[in-house]
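Student: Please show me how to read a protein structure, one feature at a time.

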Amino acid sequence: MLLDGINLQLEEGDRLCLMGRNGTGKSTLMKLISGEISPDEGDISRRQGLRVALVSQEIPQGLAGSVFDIVAGGMGNAAELLAEYHHLGHRLAAEGGVELLKRLESLQKALEDAGGWRLHQEVERILTRLQLLPDEEFASLSGGTKRRALLARALVSEPDILLLDEPTNHLDISTIIWLEDFLLKSVKTCLFVTHDRSFARKLANRIAEMDRGKIYAWSCGYDSFVERREALLEAELVRETLFDKKLAQEEVWVRQGIKARRTRNEGRVRALRKMRVERSERRQRTGTANIQLQGAERSGRMVVEAEGVSFAYDNRPVIRELNTTIMRGDKVGIIGPNGSGKTTLLRLLLGELPPGNGTVRLGSRREVLYFDQLREQLDLDKSVIENVGEGNDTLIINGRSRHIIGYLQDFLFTPERARSPVQILSGGERNRLLLAKLFTRPSNVLVMDEPTNDLDAETLELLEELLLEYPGTLLLVSHDREFLNNVVTSTLVLADGGVVREYVGGYDDWLRQEGEALPAMAATPVKPRRQGERPRKLTFKEERELESLPEIIGELEREQEGLHKTLADPEFYRTAGSEVAILNTRLQTLESELTEAYLRWEELDAIA
């Protein structure tokens with residue numbers, strides 16, 4: 001039973017975020033609301049004339065034609081007229097000819113009769129707003145641009161309810177931020193499924209969670225929902241524990257041979273039978289995946305060093321003058337727009353691609369695992385077991401032999417699901433499967449290209465903890481801002497023209513450093529030195545300060561590292577109490593002190 005007698009009401013102005021584990025029926029519910037499928041039981045009531053548009057998480061197969069054709073397809077009966085008029089206009093401009101002109105005039109009349117001029121202007125307005133080129137072939141677009149085109153197709157129909165299933169998948173950060181602002185300003189009512197916590201936090205004014213066939217709705221934002229859900233689950237656990245204790249006591253009583261002839265005893269036996277039925281029908285909450293990474297022999301201290309590296313495709317610069325050193329244990333995030341060269345950067349750093357200019361030095365004893373965002377390492381026609389076991393029934397995991405069924409259960413695949421072909425799995429299940437396949441091998445360098453797509457919140461948080469504890473080196477391409485903030489220690493940002501800049505910390509740290517650099521430059525312009533004027537020198541006090549700063553920064557970083565380890569240890573939270581808040585406050589203070597120390601060091605070093 002996927003959905004078990006659920007009730008949900010959507011009102012005008014709702015921006016409802018639908019949460020839930022992979023496979024709980026979120027996409028199914030959206031298809032029911034859109035009318036794509038019908039319920040087995042129950043009723044779906046819609047306001048008369050209600051327009052609903054659904055943007056699915058999977059890009060539909062077989063869509064052909066230009067971007068204009070695809071987007072105009074959202075106009076219903078007028079779609080063919082609009083597409084033909086658009087293409088005839090281009091042909092007439094290029095070829096000329098009386099016949100084409102007559103056909104165009106004929107179409108103009110048909111469009112006027114159907115109110116098509118307004119529709120044509122609406123298509124062009126949406127295309128401009130979503131930065132789409134109307135004459136590009138849809139099939140040639142990247143995954144992110146295809147999703148923008150499908151969003152445009154939904155928007156031109158002017159839906160009363162917009163349904164979005166994982167709308168941020170394959171979008172870069174700048175497009176995700178644009179989408180947040182666009183939906184807040186231009187879409188009144190929407191229901192969306194997302195794994196992106198920052199997106200949910202910015203957009204949602206209601207949250208609903210699907211769990212074991214039921215749906216629970218809260219009129220609040222994302223952070224309040226997390227707190228209320230935890231309280232609800234704790235109360236449920238207490239209630240079930242008390243129920244199980246009473247059931248066990250009644251089972252002991254009935255086995256003591258007491259005669260159930262008296263009315264009160266007969267009633268007690270009937271109550272026991274009812275409790276047995278209730279216990280047998282209880283649906284357990286889906287467990288948490290037990291994901292483990294296998295560590296290989298430690299790599300050399302230096303993993304990769306790039307000096308003056310540039311690379312171009314067909315004389316178009318993709319990477320320009322890259323200088324970076326990645327040491328063992330570094331966790332490096334890579335950020336950039338779609339098509340900016342993030343995959344090229346990875347291949348250069350892994351030594352898979354020779355640079356056009358500059359040098360790349362690779363460290364010793366590297367064991368590399370590569371997580372591919374397109375999941376091309378999976379064979380869709382084979383079963384889950386065949387993909388992971390590759391013909392073997394047992395696997396060696398951390399030096400121990402394990403049966404493949406037991407190993408896959410750690411990744412939340414039941415024995416039945418483990419025997420299923422990969423092509424029927426959801427996007428989140430395929431991501432978990434790829435993790436299971438990769439983690440059968442030891443590594444000391446882990447390369448992950450968009451690992452968060454389609455993963456539910458619980459698995460996402462577990463993966464975060466796993467990567468934080470990973471002793472090897474991590475290269476992470478991600479558009480998930482919170483994931484970057486929680487995992488990486490430094491960030492490589494690809495800017496226009498192939499320039500790669502390096503920053504300490506995650507996404508928010510990058511924004512802050514960018515924001516601090518610009519006002520500082522504007523507020524303290526460099527004054528030209530007058531002819532004959534001596535350059536300023538450090539005072540004695542400033543010299544002593546400059547000498548002491550590296551040691552001060554080192555102490556601050558060691559304290560910061562110690563706090564991160566403490567806060568990442570699950571055992572700490574069992575007895576910590578109010579100490580958690582104290583340590584988090586100290587961590588924030590440390591970050592400010594470190595930023596100030598680095599800025600002061602750069603300021604004094606520039607004078608010296």
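Tutor: Begin with one side chain: tryptophan 178 has 26% relative accessibility, so tryptophan 178 counts as partly exposed. Buried means under 20% relative accessible area, exposed means over 50%, and partly exposed lies in between (1.4 Å probe, protein chains only). This is a predicted model, so local features need pLDDT of at least 70, side-chain atom pairs count only at pLDDT 80 or more, and totals for chains, interfaces and linings use all residues. Residues are numbered from 1 along each chain as its sequence is written, and side-chain values use heavy atoms, with hydrogens and water left out.

Student: Is phenylalanine 182 buried or exposed?

Tutor: Phenylalanine 182 is buried, because its relative accessibility is 7%. Phenylalanine 182 and tryptophan 178 both belong to helix H7 (residues 173-186). They sit four residues apart, about one turn of the helix. Helices (H or I, at least four residues) and strands (E, at least two) are DSSP runs, numbered from the N terminus.

Student: How do I describe two aromatic rings?

Tutor: A pair of aromatic rings is described by the distance of the centres and the angle of the planes. Rings of Phe, Tyr and Trp (its six-membered ring) pair if their centres lie within 6.5 Å. Planes under 30 degrees apart count as stacked, over 60 as edge-to-face, and the rest as tilted. By this rule the count comes to seven aromatic pairs. In one of them, the ring centres of tryptophan 178 and phenylalanine 182 are 4.9 Å apart and the planes are at 20°, so this pair is stacked.

Student: What kind of pair do tryptophan 218 and phenylalanine 225 make?

Tutor: Their ring centres are 5.2 Å apart and their planes stand at 65°, so the pair is edge-to-face. Tryptophan 218 is buried at 12% relative accessible area, and phenylalanine 225 is buried at 1%. Ring pairs also join Trp218, Tyr222 and Phe225 into a cluster.

Student: Which residue lies over the face of phenylalanine 413?

Tutor: Arginine 432 does, at 5.3 Å from the ring centre. The rule needs NZ of Lys or CZ of Arg within 6 Å of the ring centre and within 35 degrees of the ring normal.

Student: Now show me a sheet. What is the order of its strands?

Tutor: Take the open sheet of three strands with the order E8-E7-E10 and antiparallel pairing. Two strands pair if DSSP finds at least two bridges between them. Strand E8 (316-327) and strand E10 (357-362) are the edges, and each pairs on one side only. From one strand to the next, the twist averages 15°. Axes are lines fitted to C-alpha atoms, for helices over the stretch in contact, and angles run from 0 to 180 degrees between N-to-C directions.

Student: How many bridges join E7 and E10?

Tutor: Strand E7 (residues 302-313) pairs with E10 over five bridges, in the antiparallel sense. Look at alanine 306: its bridge partner in E10 is valine 360. Helix H11 (residues 342-350) packs on the sheet and touches E7, E8 and E10. The direction of H11 makes about 50° with that of E8. Contact means heavy atoms within 4.5 Å.

Student: What about the loop between E7 and E8?

Tutor: Asparagine 315 lies there. Its phi is near 65°, a positive value in a residue other than glycine. Asparagine 315 is exposed, because its relative accessible area is 77%. Glutamate 450 also has a positive phi, about 55°, although it is not a glycine. Glutamate 450 lies in the loop between strand E14 (445-449) and helix H16 (457-469). Glutamate 450 is buried, with 4% relative accessible area.

Student: Which residues does leucine 293 touch?

Tutor: Leaving out residues up to four places away in sequence, leucine 293 touches Asn398, Phe439, Leu446, Leu466 and Tyr470. Leucine 293 lies in the loop between helix H10 (263-280) and E7. Leucine 293 is buried, at 16% relative accessible area.

Student: Where is serine 420?

Tutor: Serine 420 is in the loop between helix H14 (415-418) and helix H15 (427-438). Serine 420 counts as buried, at 12% relative accessibility. Apart from neighbours within four places in sequence, serine 420 contacts Lys382, Ser383 and Val384.

Student: Finish with the whole chain. How many helices and strands are there?

Tutor: The chain has 21 helices and 17 strands. Of its 608 residues, 44% count as buried. Among contacts with a separation of 6 or more, 67% come from residues 24 or more positions apart.
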